[in-house]
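Work through the exercises below with the structure open. Try each task before reading its solution.

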Amino acid sequence: MRDNRVNKERVSSIGSPSYADQFGVVNQQTAEASHPIMAAALMKETHSVRQATLRFALDHMATPGLDVGTFFALARDLGLTDVQIRNNPCSKAAVRGNPPADVRSAAAEAGITIISVNALQRFNEWTPARKAEASKLADYAAACGAQALMLVPVNDGSWSANGERPGNLRVALKALKPILQSRGLIGLIEPLGFQTSSLRSKNEAANAIASVDGQSVFRLVHDTFHHTLAGETSFFCDLTGLVHVSGINDPTFWIHPDRIVGGSDNCSQIRALLDGGYTGPFSLELVEEVHALNDSAGAFAASIDLIRHGLLTRVPV
């Protein structure tokens, strides 16, 4: 029987207190007024909590040329234990052709946790073919030991003004719920901020999850780029199962010139998520320029250091 701990862990995070409440950190302004030294000590403690809690992961798309075993080894060399793998035909980093038992064995040998298999595309366009595809992907995810299956919405502009869009989303979630539950998987819904996306808003996704009583099965993916691109200001920390840290500087551009995760307002979003009680992984989704680098591991390490520095110094990153 498949281990269902992921469901319990995800559910237990709902309603978690903020880090300030959890660790007894008082209001900074009050502390500064009463005792500057105490304020400095408390600020240092808050930064330490953030650093200790920050758990990075690596998406296989960041290194699409690596086979699964080499990809797992790279993650461990970076000090990471969480990864995302891909099994969709359009991905350059697909594990297609790799038996799930072999992937599971390689992950166990490397000490790697597979967060998710990416992805069921056009998940909110539910058809008999989509149901068959979802079942097949869910079988693969469960067999390789993944905790979740990524769910990506239609993104071709065909549903932009479709009044049936919210209803179609609920139909898809209701149908996916037993497929995921029976395999002990979480469905990770990733709203895309593009104008062509049929699901841009995390709020809309959260409402749909609630409408199908799916809080124990579905979680949101908070992507820092898509959050910025969609103009969102709300954070759903208790419903977030994964954070994608994207290396996009300006939402009018799709490629970040610095080739490491910077730009946008990554650190301010990470702070908000941590302060709101999010304790899950932060997965690095680096852009295409990184793929051609001779030292991609160095770029990943630089990205991690950049984010940690930004959190400590409150410099926008």
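Two residues are in contact when heavy atoms of theirs lie within 4.5 Å. Keep that in mind for the first exercise. The model is predicted.

**Exercise 1. Find the surroundings of Arg 130: which residues is Arg 130 in contact with, leaving aside its neighbours within four places in sequence?**

Step 1. Locate the residue. Arg 130 sits in helix α7, which covers residues 128-144.

Step 2. Set aside the neighbours within four places in sequence; the contacts of Arg 130 are then Leu 120, Gln 121, Arg 122, Phe 123 and Glu 125.

Step 3. Leu 120 and Arg 130 are 10 residues apart in sequence, and their C-alpha atoms are 8.4 Å apart in space.

Step 4. A polar atom of the Arg 130 side chain lies 2.9 Å from the backbone oxygen of Arg 122.

Step 5. Decide on burial. Arg 130 has a relative accessible area of 11%, so it is buried. The cut-off for buried is under 20%.

**Exercise 2. Describe helix α9 from end to end: which residue caps its N-terminal end, and which of its residues are buried?**

Step 1. Start at the N-terminal end. Ser 201 is the cap: one of its side-chain oxygens lies 3.0 Å from the backbone nitrogen of Asn 203.

Step 2. Go along the helix, residues 202-211. Its buried residues are Lys 202, Glu 204, Ala 205, Ala 206, Ala 208 and Ile 209.

Step 3. Ask what covers them. The cover includes helices α8 (165-181) and α10 (224-229), along with strands β5 (186-189) and β6 (218-223).

Step 4. Asp 213 follows α9, and its phi is positive, near 50°.

**Exercise 3. Step back to the chain: how many helices and strands does it have?**

Step 1. Count the elements. The chain has 12 helices and 8 strands.

Step 2. Check burial. Of its 317 residues, 50% count as buried.

Step 3. Check the reach of contacts. Among contacts between residues at least 6 apart in sequence, 74% join residues at least 24 apart.

Step 4. Finish with the surface. The accessible surface comes to about 14,000 Å², and 53% of it belongs to carbon and sulfur atoms.

Note on methods. Residues are numbered from 1 along each chain as its sequence is written. This is a predicted model: local features need pLDDT of at least 70, side-chain atom pairs count only at pLDDT 80 or more; totals for chains, interfaces and linings use all residues. Side-chain values use heavy atoms; hydrogens and water are left out. Buried means under 20% relative accessible area, exposed over 50%, partly exposed in between (1.4 Å probe, protein chains only). Helices (H or I, at least four residues) and strands (E, at least two) are DSSP runs, numbered from the N terminus. A polar contact is a pair of N or O atoms within 3.5 Å; within protein, one must be able to donate a hydrogen and the other to accept it, and residues adjacent in sequence count only if both atoms are side-chain atoms. Accessible areas come from the Shrake-Rupley method with a 1.4 Å probe; for residues, only the protein chains shown count as cover.
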